[in-house]
Amino acid sequence: TNVDVSTLVDTDGGMIDRSIYTDRGIYGQEMRRVFARSWLFLAHESQFKKPGDFFTTFMGEDPVIVTMDKTKTIRAYLNSCRHRGVRLCRADAGATKMFTCTYHGWSFDLAGALQSVPNEQAYPEDFDRKDWSLIDVPSLATYKGLIFGNWDPNAEPLEESLGDMRYYMDAMLDRDPEGTEVMGGVMKWELEGNWKLAAEQFATDWYHVNMSHASALMVMSPTGRGPKAEIAATPGRQFVAPNGHGAGFPTHPKSRFDAGPVHEYYDYPALRERLGDAAVEGPMTTGHATVFPNFSYLPVNGSIRVWHPKGPDKIEVWAWILVDKSMPDEVKDAQRLYNLRTFGPSGIFEADDGENWSEVQAISHGFVTNSVPLNFQMGIGSERNDGVYPGQTSELYSDAAGRSFYKHWAGLMNTPAWHEQGKQSQQPGQ
Ligand code: FES
């Protein structure tokens, strides 16, 4: 049963009903109507160098294998054997010639075709291996090294879906003509919390920085007093995309808050030439961003991450470290260490964020607690075209991108997806 969520998400008034974070039925609807039809980040191109390189991940809760086939094309399949459904590939990543099921031994090639079936003569005469290929992820696309998949066979092209968000992403992905690559493996950790708490914060919430990260900012401040006052007074902008993406960033000409060797490495005049002054002074700085629904990044330390939903109450965070390909090794290493110190699994900023989401979620199942709406009213009506940054922008301290995130979410939740024919939403309680 699908629920009409329009009574739960009042994006004009800036109020959100807490049940959207806790209700099991709404969570199931998200899998069907948000995750089964949105472009979802799968992996970075640099993880695949030769045919047979593979990486296993999730689209919503659906397990997928991403691999490079013999023609060096990136492919993705449901990671479930067509025979009795066991997880076909159990490794996180690796290289192979075939995917062979450990249950009864069916083997699939890199193009997903079923190649061998033990004891095949025992099957009926009309059994045809061609009918039992792996389930393909029908839509795959790459944007500047980032591979996305979509279960919708007629999905809107990725670039159109990203829209103006590409300009903001380019401030991280396009600094180097050689592009980017990921360094090391994928860091994975679990948090108590609904996936939207994390995705929404990365889209819209600069507001928490001064309070939640106060002690971390003091530790990193050269004076030991912390840059609190300067940060509170820092001007900045927030990008508000109609399709749920968001990015916030302080705007300043010089003072990036990043690893010294990375700062020294960058040729800022050349970057200004390449990306434009506004990009270098804005989205390339100490900002935050989410590509709807669950891919987020931090341009200043190259943290790219997916908030994998694991039920309404749990997130599995998967984080990569992104570096520019042309960086010398010692600069890449400085970026890696800076990333780990700040936003790695035990990074001093990361721990603050996870604690907040868990503290929201842990009490959200209380009956009365769950009946009190949450406030998203900061900056209502502030969205405009500012003449500098593409698309609609708001102030740095604003919930505008959060409201837009939930508006897009609600629109998807209330509209039948590609796999539904003629199904209508129902009112709550029906
Ligand atoms: Fe895979 Fe039987 S479940 S071969």
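The dialogue below goes through some features of this model.

Q: How is this model numbered, and what kind of model is it?
A: Residue numbers start from 1 in each chain and follow the sequence as written. The model is predicted: local features need pLDDT of at least 70, side-chain atom pairs count only at pLDDT 80 or more, and totals for chains, interfaces and linings use all residues.

Q: What pLDDT does the protein average?
A: pLDDT is the predictor's confidence in each residue, from 0 to 100. The protein averages 93, and 94% of the residues score at least 70. Over residues 425-430 the value is below 50. For the complex, the predictor gives an ipTM of 1.00 and a pTM of 0.95.

Q: What is the strand order in the open sheet of four strands?
A: Strands (E, at least two residues) and helices (H or I, at least four) are DSSP runs, numbered from the N terminus. Two strands pair if DSSP finds at least two bridges between them. Here the order is β6-β5-β4-β7, and the pairing is antiparallel. β6 (74-78) and β7 (93-95) are the edge strands, each pairing on one side only. Strand β5 (residues 62-68) joins β6 through five bridges, and V66 stands opposite A76 in β6.

Q: Is strand β3 largely enclosed or exposed?
A: A residue is buried if 20 or more other C-beta atoms lie within 10 Å of its own, exposed if 12 or fewer, and partly exposed in between; C-beta atoms are placed from the backbone. In β3 (residues 40-44), five of the five residues are buried, so the strand is largely enclosed by the rest of the structure. β3 pairs with strand β12 (residues 146-150) in the antiparallel sense over four bridges, and the bridge partner of H44 there is L146.

Q: Which residues of helix α4 are buried?
A: They are M165, Y167, Y168, M169, A171, M172 and L173. With seven of its nine residues buried, α4 (residues 165-173) is therefore largely enclosed by the rest of the structure.

Q: At what angle do helices α2 and α14 pack?
A: Axes are lines fitted to C-alpha atoms, for helices over the stretch in contact, and angles run from 0 to 180 degrees between N-to-C directions. Helix α2 (residues 24-35) and helix α14 (residues 400-413) pack at about 95°, with axes 8 Å apart. That makes α2 roughly perpendicular to α14; angles under 35 degrees count as roughly parallel, over 145 as roughly antiparallel, 65 to 115 as roughly perpendicular and the rest as oblique. Two residues are in contact if their C-beta atoms, placed from the backbone, lie within 7 Å. The contact is made by Q29, E30, R33 and V34 of α2 and by W409, L412 and M413 of α14.

Q: What does V186 touch?
A: Not counting residues up to four places away in sequence, V186 touches W318, A319 and W320. V186 is found in strand β13 (residues 180-192) and is buried, with 20 other C-beta atoms within 10 Å.

Q: Which peptide bond is cis, and where is phi positive in a residue other than glycine?
A: Most residues other than glycine have a negative phi, and most peptide bonds are trans. The bond from F292 to P293 is cis, with omega near 5°. Phi of N119 is near 60°; N119 is exposed, with 8 C-beta neighbours inside 10 Å. K72, in the loop between β5 and β6, has a positive phi of about 70°.
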